[in-house]
Amino acid sequence: MGLKGKLISSVEVKCGGHSVHDIFHAKTHHISNISPSKVKNFEIHEGETIEVGAIVEWTYNDDGKDKTAKQVIEAVDHETKTITWKIIGGDLLELYDSFTIITSCDHHWTTWTFLYEKKTEDTPEPLVLLAYVLHVTKEIENHLLKQ
């Protein structure tokens, strides 16, 4: 069968994981300025900040095509610097029945975890998306190191 999957990747960040977490938690709207070739827009539809229950939407560029991802924030843990984002709308749900993204940041690492269920056996593993979020993370790191 193999329709359920889990991908995990960590990337070293010289600026400190707490700084990357701060961008994702408190300054999320800045990501489109930090990585304009990848992230076109970020909007909070419900709630005022990245908090449990908030509904957010990203417009992002994937291989020259604008796509969207609408998410509900399922968990925020400030001690472990972890945010859990569940996809509730957008392009990813064309390929996957469910998709959850977990970002966690510690001293000098940012870790991305994807939990997903593919619609069919032919659906690809989300390796391109994983490379995409790692690229955005490195752009955030570069931005923070310049400050």
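Predicted model: local features only at pLDDT ≥ 70, side-chain atom pairs only at ≥ 80, totals over all residues.
Two residues are said to be in contact when heavy atoms of each lie within 4.5 Å. Thr 110 belongs to strand E7, which covers residues 109–118. Its relative accessibility is 0%, and because buried means under 20%, Thr 110 counts as buried.

The C-alpha trace spans about 45 × 35 × 30 Å along its principal axes. Of the 147 residues, 44% are buried. Among contacts with a separation of 6 or more, 47% link residues 24 or more positions apart.

Several of the strands pair with one another. Strand E4 (residues 65–77) and strand E5 (residues 82–90) are antiparallel and share eight bridges; Val 72 has Lys 86 in E5 as its bridge partner. E4 and E5 form a hairpin with four residues between the strands, where Lys 81 adopts a positive phi near 55°. E5 also pairs in the antiparallel sense with strand E6 (residues 96–106), through five bridges. Here Thr 82 stands opposite Ser 104 in E6, and the hairpin of E5 and E6 has five residues between its strands.

A contrasting position is Lys 14, in the loop between strand E1 (4–12) and helix H1 (17–26). With a relative accessibility of 58%, Lys 14 counts as exposed, since the term applies to values over 50%. Beyond its neighbours within four places in sequence, Lys 14 is in contact with His 108, Glu 141 and Leu 145. The C-alpha atoms of Lys 14 and Ser 104 are 15 Å apart, although 90 residues separate the two along the chain.

The protein exposes about 7,900 Å², of which carbon and sulfur atoms supply 50%. Its side chains include 15 positive and 23 negative ones, and the centres of these two sets lie 4 Å apart.

Terms used:
Residues numbered from 1 in each chain as written. Heavy atoms only, no water. Buried < 20%, exposed > 50% of the residue type's maximum accessible area, 1.4 Å probe, protein only. Areas by Shrake-Rupley, 256 points an atom, 1.4 Å probe, with all protein chains shown as cover. Lys, Arg positive; Asp, Glu negative; His and termini not counted. Charge placed at Lys NZ, Arg CZ, Asp CG, Glu CD. Helix = DSSP H or I, 4+ residues; strand = E, 2+ residues; numbered from the N terminus. Pairing = 2+ DSSP bridges.
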